[in-house]
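Reader: Hey, I've got a structure open and I'm a bit lost. Can you walk me through it?

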Amino acid sequence: MFVKSEKKVSGEVNYNKIPAHIRRRPYYIIAPGLIILIGILIPFVTAIFLSFTNYSFRLPKWGFVGLKNWINMFKSKEFYHAVWVTLKYGILATGVEMLLGTGVALLLRKDTRYSRILKVLFTFPLMVAPAIAVLIWQLMTSNTVGVLEKVLNIFGVYNFPWAASHSTAMFTAILIDAWVNTSFVILLVLAGIQSLPKSPFEAAAVDGAGGWFTFKTLTFPMLKPFMYIALLFRLMASLQEFGIIYALSKGGPGDTLMNISLSGYINGFTYQKLAGALPYLLVLWFIINKTAKFLVKRQRFLANQAAGR
Amino acid sequence: MAQIELEGITKRFGKISALNNINLKVEDNEFFVLFGPAGAGKTTLLKTIAGAEFPEEGLVRIDGKIVNHVESKDRNVSMVFENYALYPNLSVYDNIASPMRSKLYKKDEEYIKKAVNKVTEMMKINHLLDRRPSQLSNGQRQRVALGRCLVREPNVFLMDEPLAHLDAKLRHFMRGELKEMQTSINSTTIYVTHDYMEAMSLADRIAVLNHGEIVQIGTAQEMYYTPCNEFVACLFGEPEINLLEGKKCVCSRTGEMSLSIVGSDKALELEADVRNVLAQHGADNIHIGIRGNDIQFAFEDLGDEWIKGSVYANEPIGNKVIMTIMVADKKIAITCPNDTVADMDQDVYIKLNLKKALIFDGNTEEFITRHNIDSFKKQGKGVQ
Amino acid sequence: MEKRKVSIGNILEAIGRNLGLTLFAMFALFPLIWMVICAFKSDAQMYNTVFRFTPTLENFKAVLVGTDYFKAFFQNLIVAGGAVIITVLAGVPCAYALARYNFKKKEDVAFQILSFKFAPEIMVILPIFLIFQKIHLYDTYFGLIWVYQLITMPLLIWVVRGYFEDISVEVEQAAQLDGYAWYEIFLKTLVPLIKPGLVASALLAFIFAWNSFTFPLILSGFKIQTITITALRYIASDTVHYGQVAVASTIAVLPEVIVALFIQKHLVRGLSFGAVKG
């Protein structure tokens with residue numbers, strides 16, 4: 001862009017190039033933040049490197065083993081199970097939260113005093129740490145002191161196993177995840193609802209359009225960009241969920257809740273096979289990165305579409 | 001106060017070029033108006049002088065010194081922004097005092113108080129000193145912005161549509177104040193507007209901008225009487241100048257070259273000087289630019305040179321009436337005395353005063369000549 | 001007739017709506033209420049009462065007096081607070097530069113920062129664990145505060161960048177023409193203007209840091225303990241004192257609920273990293 005300018009200047013100074021001290025200013029300004037973050041980026045490179053070694057906390061010596069860790073991983077049943085659990089947990093938890101959150105947001109749409117108070121109260125679970133949320137739900141679901149056990153007793157159900165059984169552990173984990181995070185979807189969809197322009201809806205009402213028709217053709221398409229953001233954030237988080245599952249059952253019972261994050265942790269720390277665990281996590285990173293890119297693209301497309309561009 | 005020179009300024013935003021090879025010299029103590037339609041690049045040009053935009057090509061000189069590398073804080077220019085750009089967190093007083101509190105232009109509080117009072121009195125906002133910008137109307141905000149600009153003694157005042165949001169009465173008053181100030185404090189001012197009356201009443205010289213290029217530089221007189229093309233002619237004057245398609249023909253009566261308007265077979269006689277220029281000019285296709293007050297009208301046919309049309313609309317606007325007349329599918333607006341009454345579709349006859357007409361090349365839309373052209377060209381055509 | 005029909009429909013709709021909302025409200029809020037109830041129950045009452053019981057403070061005494069839970073609370077405060085302070089100092093200028101300046105690779109830098117948010121924590125943390133042990137940052141405030149930047153910095157930069165972008169560029173240009181240097185404008189004009197948003201995002205970043213589980217689980221040992229890790233011990237022991245679990249949870253949640261009330265207006269924007277203006 002600055003090609004032509006050299007000949008026009010008088011003397012040595014190129015007046016059409018921004019002076020260096022001004023050009024460099026933004027780099028100086030972002031430098032501290034970037035240095036802090038890049039310091040943490042180094043481990044990521046180390047992770048790729050170490051995945052080709054037999055590094056372990058037990059062995060004092062280590063060396064290159066080439067693709068052995070990767071081949072082992074792709075041969076093991078454990079890995080495919082972990083991928084399966086990761087996807088199942090991610091999709092189910094996100095799905096439940098999206099459906100429930102959107103539904104509740106639509107119920108909150110009408111501005112009453114009740115809905116205004118609820119909007120504030122609903123943000124509370126969202127603030128709770130995953131690990132603490134598990135504790136809170138232990139209080140709810142305990143077979144000895146839990147209030148849910150007492151409620152289930154009324155219906156003739158005794159000793160509901162919750163996280164202790166192979167068949168209900170996933171349900172319990174998703175229940176807790178949904179308790180914490182549904183409000184996130186509610187907040188985003190509500191923000192979308194509040195940003196809806198009034199005039200198309202008035203026009204639809206004048207044209208005598210029915211409620212369902214209005215929702216299908218107007219409300220939903222305009223809310224979609226907001227729902228995509230909620231989806232993006234929730235899916236990215238639930239695909240790598242660690243806190244809730246770890247605190248609930250450490251991936252158990254057996255390997256029921258062993259998703260990639262948990263497998264990576266257990267392999268790396270409990271079994272002390274760090275190098276063997278890293279390929280798992282790199283695969284997880286790959287899945288999440290690809291999904292994020294796809295969703296971000298799609299979200300932009302929808303936002304533009306909703307804005308009529 | 002200082003002289004401002006722009007030399008080959010080109011500014012691009014991505015692939016779009018906002019300014020294209022602008023050459024301009026604003027003299028010391030001159031009131032210079034940048035005039036043009038929205039998106040012409042007027043604001044970008046001001047910001048380039050202010051140092052808020054950096055040109056990809058060309059030089060900006062203030063008092064002969066190249067200031068491309070001088071940051072805007074060190075250029076000692078003061079500017080009114082179109083969107084006011086007031087500090088939302090400061091009161092009106094502090095907003096106006098702001099330039100006098102910076103390290104560079106520091107003044108003591110005593111001085112500041114006097115200066116702020118003086119300028120706010122002039123702007124009639126001295127009762128608003130404690131308010132925040134959010135508590136003001138747009139007109140009041142604009143006056144605060146103007147106050148913050150005028151409170152200083154900079155090299156040059158840059159004003160981007162500073163009166164646009166004032167009501168008509170206040171705008172008229174402020175226009176007078178600005179003009180008065182201009183003569184009393186000897187300031188160089190570059191003033192952006194899209195209001196032709198503002199441009200004509202304030203300007204020592206005007207530059208017309210379009211698509212990032214300078215179309216014409218000259219005095220208000222020159223813009224009005226000898227515009228360089230149809231675009232400039234259309235910008236000045238209300239109602240907009242009428243552009244009629246015409247052709248060269250030979251007058252049957254005098255045998256001289258004359259013009260006829262498309263849709264009418266009447267030959268219109270030309271003044272000798274115009275005829276001579278036209279004879280040498282190749283174009284056969286001519287546009288006649290004629291303003292509404294240079295057209296006579298009558299409700300009966302008065303003979304030769306009177307063209308028949310029908311009344312299309314008749315709008316009284318106070319001190320005059322704008323009558324729109326259809327002549328062969330072409331609308332012509334003329335100004336009439338304010339007691340003119342006409343029925344729709346009524347027959348009407350008009351006569352063009354070709355002594356006042358501007359002659360354009362019908363293909364290039366460039367100005368060719370007009371009667372008595374030398375009397376309008378005293379000062380030449382600006383720097384360009 | 002017509003009018004009456006409409007109003008019955010409206011009433012039914014209102015009943016349905018409020019019923020749905022109340023059901024969800026029970027799901028969302030009852031666990032918190034139950035937690036507070038349990039906190040005031042004695043061990044014996046825990047088993048044989050539901051809502052009618054004699055409140056007692058013995059659980060609070062057990063958790064807070066002579067244990068390390070109190071210590072963990074303050075250590076958590078130091079780590080999360082320290083992380084937020086560093087983030088604000090380094091991140092706000094960063095956000096400003098990303099909002100205002102045009103420089104090469106700007107969008108790449110911005111997205112790289114955002115991608116930290118989506119990187120699997122465990123993957124980042126395993127190699128960090130190795131490195132931290134080598135350079136003796138394992139189980140130190142400095143080490144934890146540094147790693148917490150992964151949580152707090154992307155959030156703050158992206159949200160605050162949006163607040164800077166909301167301010168008209170002309171205000172900044174006007175200040176330059178008034179004779180102020182860029183850092184004066186940044187500190188005296190821009191930062192005051194974004195202050196409400198900045199405070200809210202900093203508080204939200206604080207909550208995220210406060211809640212972090214994975215990082216302290218792996219990177220802290222005996223010296224530094226955070227609440228999320230320490231609280232978990234109450235459930236892991238052989239005889240679970242549910243009353244103490246409840247107290248530990250209540251204490252962990254309380255500061256967050258209070259903060260949440262303060263930042264309601266900015267919550268959507270913060271949680272969505274500025275993607276939704278709310």
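Predicted model: local features only at pLDDT ≥ 70, side-chain atom pairs only at ≥ 80, totals over all residues.

Reader: Okay, chain B to start. How many helices and strands does chain B have?

Author: Chain B has nine helices and 21 strands. Its C-alpha atoms fill a box of roughly 80 × 45 × 40 Å along the principal axes. Of its 384 residues, 43% count as buried.

Reader: Which domains is chain B divided into?

Author: There's domain 1, residues 4-234, and domain 2, residues 235-376. The centres of domain 1 and domain 2 of chain B are 38 Å apart, going by C-alpha atoms.

Reader: And how many residues are in contact between domain 1 and domain 2 of chain B?

Author: 18 residues of domain 1 of chain B are in contact with 16 residues of domain 2. On the domain 1 side, α6 (196-202), α7 (220-225) and α8 (230-235) of chain B each supply at least two residues. That side has 13 nonpolar, three polar and two charged residues.

Reader: What does UniProt say about residues 4-236 of chain B?

Author: An unreviewed UniProt entry annotates residues 4-236 of chain B as "domain: ABC transporter". In the model, that stretch is 36% helix and 26% strand, with its end C-alpha atoms 26 Å apart.

Reader: Let's do sheets. What's the order of the strands in the open sheet with six strands?

Author: In chain B the order is β6-β7-β8-β3-β9-β10, with mixed pairing. Neighbouring strands of this sheet are turned by 20° against each other on average, ignoring direction.

Reader: Which strands stand at the edges, and why does one side of each have no neighbour?

Author: The edges are β6 (77-80) and β10 (213-218) of chain B. Each has a single partner strand, so one side of each is left without a neighbour in the sheet.

Reader: What holds strands of a sheet in pairs anyway?

Author: Strands pair through backbone hydrogen bonds, either parallel or antiparallel.

Reader: So is the pairing of β3 and β9 in chain B parallel or antiparallel?

Author: Strand β3 (residues 31-35) and strand β9 (residues 205-210) of chain B run parallel, joined by four bridges. B:Phe32 stands opposite B:Arg205 in β9(B), and B:Phe35 has B:Val208 as its bridge partner in β9(B).

Reader: What about β9(B) and β10(B), parallel or antiparallel?

Author: β9(B) and β10(B) pair in the antiparallel sense, over five bridges. B:Val208 turns up again here, with B:Gln216 as its bridge partner in β10(B). The hairpin of these strands has two residues between them, and B:His211 takes a positive phi near 50° in that hairpin.

Reader: How many of the six residues of β9(B) are buried?

Author: Five of the six, so β9(B) is largely enclosed by the rest of the structure.

Reader: Last one: how many residues of chain A are in contact with chain C?

Author: 72 residues of chain A are in contact with 71 residues of chain C. Helix α2 (residues 25-50) of chain A gives the most to the chain A side, with 15 residues. By class, that side has 56 nonpolar, 14 polar and two charged residues.

How values were computed
Residues numbered from 1 in each chain as written. Chains lettered and ligands numbered in written order. Buried ≥ 20, exposed ≤ 12 C-beta atoms within 10 Å, placed from the backbone. Domains from an automatic or database assignment. Contact = placed C-beta atoms within 7 Å. Nonpolar A, V, L, I, M, F, W, Y, C, P; charged D, E, K, R; others polar. Pairing = 2+ DSSP bridges. Axes fitted to C-alpha atoms, helices over the stretch in contact; angles between N-to-C directions. UniProt positions renumbered as here; feature names shortened; annotations may be inferred.
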